[in-house]
Amino acid sequence: MGSELLTLDGLVHVFSYLEAPDLLRAARVNQAWNEAASTTSLWRRMCLDRWTFCNISNLTPGMQTWKQYYLHRSKLEHEMASGRPSADYICRSMRGHKGKIVGMAYLSDNEHVFGAGKLRSVVCTASTDGTIRAWQVQEYKLAISADARGTIKVWHGETGEELAAFSTSSSSSSLVTYSVNNKPFLTVATAGGVIYTLEVPNLNQVSCITAFQNSSIDLLLCSPDKQWLVAGSTENANTSPKVFYTDCLINPADEPPVSSSLPVNNCAVVCWLPKAPARIAVMHQDRISVQRNITVFDLAVKKSKYKMEVIAQQVASFTLPGSTWTTAVLMEGHGTETVLLGCGSNLTLYSIFGTQLEAFQHHNNTITSIWVDSFRVVTSSLDLSLRVYTWKKANKISSLTSRYYLLGGTHRWSRGFTDVACDNISIVGVVAESDETSILRAYSFNL
């Protein structure tokens with residue numbers, strides 16, 4: 001049968017077996033093939049197969065197609081994978097703080113609108129000099145801060161105007177923001193074991209609960225699906241991490257919020273497995289030995305006629321080999337079954353069942369932070385470098401390809417990178433200077 005006898009639906013079905021480069025070549029054959037190769041469903045499938053989330057739903061009709069999104073974003077990722085100075089990215093230093101940078105976050109959305117002219121990265125920093133700065137602000141965004149007295153404040157990202165304040169009367173606080181049904185919330189955990197949930201931006205109190213008696217909360221994370229909140233303490237070995245159903249925090253009732261303590265103690269660090277609906281990994285130390293263990297739980301809510309309860313089902317647990325895990329360990333999750341551990345200068349990948357998948361030692365000094373997303377991993381180190389890796393998948397097993405270094409200057413003036421964060425078009429690292437101040441090093445990728 002000749003191709004001219006195939007209907008449009010028939011061509012689309014055949015083209016569904018092609019990858020992007022072949023689809024682009026097919027589009028050049030004739031008008032009918034071009035129409036079939038540009039079908040929205042083909043490019044939408046390729047986008048969602050390659051990326052977990054694509055920010056295309058809120059665009060003005062006609063401004064962008066799934067094909068444009070795929071081509072723009074894959075081109076950018078190619079440049080991020082090659083990392084050629086000047087050709088692929090531009091690096092610059094951003095100075096202004098007179099103290100150490102103690103907090104950094106993107107104000108702009110992590111998922112940019114590719115191909116629609118909205119490629120802006122906006123970074124907010126907080127410093128010991130008592131100031132908060134927003135860098136390259138292009139539109140209205142909010143910055144949220146907490147001071148040593150436990151006062152929470154919301155600031156206008158462009159003008160620096162204080163919009164609202166809330167006092168927790170606590171010496172320290174942990175913050176996490178999330179949105180439920182497009183409504184933003186802020187949850188604050190205090191040194192006194194209390195958890196406040198506030199509306200953003202006005203900081204009106206929605207709920208207040210005591211999670212732990214006489215125990216500080218220094219672990220506070222919201223799940224990727226925004227349905228769960230985990231709180232814990234690394235200071236109190238007898239305190240078990242506790243998970244809360246967020247709906248009970250933002251819609252409080254007369255009964256205590258639905259929660260459950262995870263059956264582990266001496267917790268060191270926790271992370272979510274981002275592609276599982278509600279899967280959490282907890283690193284904890286055995287009470288008898290000094291060995292570190294990682295235990296993974298799946299969370300669910302069981303509803304009956306009269307009550308709801310949280311079910312935490314253990315799905316995996318293993319002991320980390322050797323005795324090298326006595327120092328501070330960083331842990332991040334990827335996919336549904338992979339955790340990344342940073343300890344000293346080593347980066348190690350494990351499956352949640354204890355299989356060591358890969359190990360890297362590209363840094364000459366301590367790894368200070370790890371950024372993980374669906375495309376890449378970036379580590380920062382006191383050796384004054386960032387190391388960029390990209391994900392690959394073979395036989396359903398995730399692995400990393402080491403790509404390149406991003407350098408932060410000279411040790412004559414700087415002590416090393418202390419933090420790193422990324423969005424889809426940039427990488428930003430915090431550099432600790434020798435004079436006890438901090439600067440930002442921003443790497444903007446060309447599109």
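First, a term you'll need: on a 1 Å grid over the protein atoms alone, a pocket is an open set of points where a 1.4 Å probe fits, with protein on both sides within 12 Å along at least five of seven lines, and lining residues have an atom within 4 Å of a point. A volume is the space filled by probe spheres set on the points, which are joined across faces, edges and corners.

A bit of housekeeping: this is a predicted model, so local features need pLDDT of at least 70 and side-chain atom pairs count only at pLDDT 80 or more, while totals for chains, interfaces and linings use all residues. Residues are numbered from 1 along each chain as its sequence is written, and side-chain values use heavy atoms, with hydrogens and water left out.

**Exercise 1. Describe the second largest pocket and its lining.**

Step 1: start with volume, which comes to about 700 Å³.
Step 2: list the lining. It has 23 residues, and His334, Trp391, Lys392, Lys393 and Ser398 lie nearest the centre.
Step 3: assign elements (helices are DSSP runs of H or I, at least four residues; strands are runs of E, at least two; both numbered from the N terminus). Those giving two or more residues to this lining are α4 (40–50), α5, β26 and β27, and β26 gives the most, with 4.

**Exercise 2. Find the residues with the most contacts inside the largest nonpolar core.**

Step 1: the core has 20 residues, and Val378, Leu386, Leu406, Ile427, Tyr443 and Phe445 have the most contacts inside it.
Step 2: zoom in on Tyr443. Leaving out residues up to four places away in sequence, its contacts (heavy atoms within 4.5 Å) include Leu386, Leu406 and Ile427.

**Exercise 3. What do the side chains of Arg279 and Asp298 form, and which strands hold them?**

Step 1: they meet in a salt bridge, at 2.7 Å from N to O. The cut-off is a side-chain nitrogen of Lys or Arg within 4 Å of a carboxyl oxygen of Asp or Glu.
Step 2: Arg279 sits in β17 (residues 279–285) and Asp298 in β18 (residues 292–303), so the pair ties together parts 19 residues apart in sequence.
Step 3: check burial. Arg279 is buried at 14% relative accessibility, whereas Asp298 is partly exposed at 24%.

Definitions and conventions. A nonpolar core is a set of buried Ala, Val, Leu, Ile, Met, Phe, Trp, Tyr and Cys residues joined through side-chain atoms within 4.5 Å. Buried means under 20% relative accessible area, exposed over 50%, partly exposed in between (1.4 Å probe, protein chains only).
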